[in-house]
Amino acid sequence: MKFIGIALGAALSAMATAASADVVRHPIPNSTFPIAQAVTVTGNTTTVYVSGQVPPVINKDADPSSPPAYGDTKTQTVGVLNRIKTILEGQGLGMGDVVKMQVFLVHNASAPMDFKAFMEGYTQFFGGSQPNLPARSVVGVAALANPGFLVEIEVIAAKDTNKDSK
């Protein structure tokens with residue numbers, strides 16, 4: 001009977017180890033660009049899919065269907081990422097748990113895509129003091145739901161139970 005208890009304990013321990021979460025970020029070889037080439041999520045993880053977020057109003061006096069109501073691309077990027085940060089924190093996660101990001105930047109004749117400004121906002125959240133980089137794509141689109149929006153971002157976050165997130 002003692003042997004069965006020991007064997008059962010060892011089996012349960014092995015199962016708990018196998019079920020633990022593991023999030024592995026694969027950097028782009030020979031690059032300092034602040035995204036991961038890929039992110040592997042294994043084990044028993046909690047995954048949160050955050051719907052596309054748009055920027056908050058920063059100028060209530062401006063026309064709500066114009067970019068001045070929401071700011072330039074950098075300002076909108078920071079606003080959107082702060083919204084995402086708040087949503088993730090409400091789920092017990094942080095920006096360090098983001099494993100995939102899809103970014104939509106307006107690119108048309110009246111508002112050419114400003115990738116540089118996007119990156120200035122993005123690097124306030126990723127690649128500096130918060131080193132967990134997501135896999136990411138950035139797509140130029142003709143328009144978003146509101147003509148004032150220049151940026152929309154959606155993310156997938158996965159909770160790695162073995163590490164702290166920020």
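**Aromatic pairs and the nonpolar core**

Visitor: Is tyrosine 70 buried or exposed?

Guide: Buried means under 20% relative accessible area, exposed over 50%, and partly exposed in between (1.4 Å probe, protein chains only). Tyrosine 70, at a relative accessible area of 6%, is buried. This is a predicted model, in which local features need pLDDT of at least 70 and side-chain atom pairs pLDDT 80 or more, while totals for chains, interfaces and linings use all residues. Residues are numbered from 1 along each chain as its sequence is written, and side-chain values use heavy atoms, without hydrogens and water.

Visitor: How many aromatic pairs are there?

Guide: Rings of Phe, Tyr and Trp (its six-membered ring) pair if their centres lie within 6.5 Å; planes under 30 degrees apart are stacked, over 60 edge-to-face, the rest tilted. The count is 4 aromatic pairs. One of them, tyrosine 70 with phenylalanine 149, is edge-to-face, at 5.0 Å centre to centre and 70 degrees between the planes. Phenylalanine 149 is also buried, at 11% relative accessible area.

Visitor: How are the rings of phenylalanine 118 and tyrosine 122 placed?

Guide: Their centres are 5.6 Å apart and their planes at 35 degrees, so the pair is tilted. Phenylalanine 118 is buried at 0% relative accessibility, and tyrosine 122 likewise has 0%. Together with Phe115 and Phe126, Phe118 and Tyr122 form one aromatic cluster.

Visitor: Which residues have the most contacts inside the largest nonpolar core?

Guide: A nonpolar core joins buried Ala, Val, Leu, Ile, Met, Phe, Trp, Tyr and Cys residues through side-chain atoms within 4.5 Å. The largest has 41 residues, and Leu81, Ile84, Leu88, Met101, Phe126 and Ile153 have the most contacts inside it.
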